[in-house]
Amino acid sequence: MLINEWSTGATDAILATACLVLAHRIKQRCITETPAVLNVARSLALCGVAAFIGGVRHGFAPQLSEIAYACAWYSSYLFIMMSGTLMLWSIICGLVGNPRYHRMLGAFCLFKLAMCGLWFLKDTDAMWVAVSWGLDIVFIGAFSAAKTHHPACRWLIAGAAGSLVAGLIQCGWLVGIVGPLHNDLFHLLQIPAVYAFYAAALVL
């Protein structure tokens with residue numbers, strides 16, 4: 001069996017395992033499962049599924065049919081977009097007290113996801129995934145910085161900063177790395193960020 005990008009497939013699998021294990025541990029360790037906490041767990045689970053599918057796509061592309069490869073391509077990126085939006089929504093519910101703002105900001109999250117998702121499906125350009133995910137991370141950091149008195153905020157800021165650095169490296173804007181290595185670094189750097197979001201959920 002020919003393995004196409006073994007290192008990227010392996011780091012995807014490591015990231016997927018970390019996300020799914022931490023999502024499960026949130027359910028185990030949280031005493032009160034508020035909607036915000038549950039949505040962090042769901043967001044991490046979606047991220048884990050996306051990483052697993054991405055690992056299969058990167059690692060075993062030669063064995064996949066054209067239809068299977070296309071399904072893996074679209075589903076992994078759409079799950080990434082959904083994961084980021086759900087994480088942002090959970091942070092809004094956890095940090096913003098007024099339910100009226102929940103509805104307003106929730107509508108913005110859905111609008112952003114729908115627009116970026118439609119453009120991605122139309123152009124099949126991963127740039128729209130990066131735009132959607134990047135906006136989620138920036139807004140998570142901004143909301144957390146505005147609520148620094150909350151015990152979850154230092155973890156959220158750390159998670160947002162780590163994710164942003166990893167994303168900039170993957171896009172080639174921070175370090176000029178080409179080839180599969182930029183994906184590998186993104187996956188490995190994302191693991192501490194994922195842990196930070198997990199730690200935030202425990203006190204959200």
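Author: Buried means under 20% relative accessible area, exposed over 50%, and partly exposed in between (1.4 Å probe, protein chains only). This is a predicted model, where local features need pLDDT of at least 70, side-chain atom pairs count only at pLDDT 80 or more, and totals for chains, interfaces and linings use all residues. Residues are numbered from 1 along each chain as its sequence is written, and side-chain values use heavy atoms, leaving out hydrogens and water.

Reader: OK, S83: buried or exposed?
Author: S83 has 7% relative accessibility, so it counts as buried. S83 is in helix α3, residues 66-95 (helices are DSSP runs of H or I, at least four residues, numbered from the N terminus).

Reader: What does S83 touch?
Author: Leaving aside residues up to four places away in sequence, S83 touches S43, L46 and C47. Contact here means heavy atoms within 4.5 Å.

Reader: Switching to α2, how many of its residues are buried?
Author: 19 of the 25 residues in α2 are buried, so the helix is mostly covered.

Reader: And what's the angle between α2 and α7?
Author: About 165 degrees, with the axes 10 Å apart, for α2 (residues 35-59) and α7 (residues 181-202). That makes the two helices roughly antiparallel, a label for angles over 145 degrees.

Reader: Which residues meet there?
Author: From α2, V37, V40, L44 and H58; from α7, N183, V194, F197, Y198 and A201.

Conventions. Axes fitted to C-alpha atoms, helices over the stretch in contact; angles between N-to-C directions. Parallel < 35°, antiparallel > 145°, perpendicular 65-115°, else oblique.
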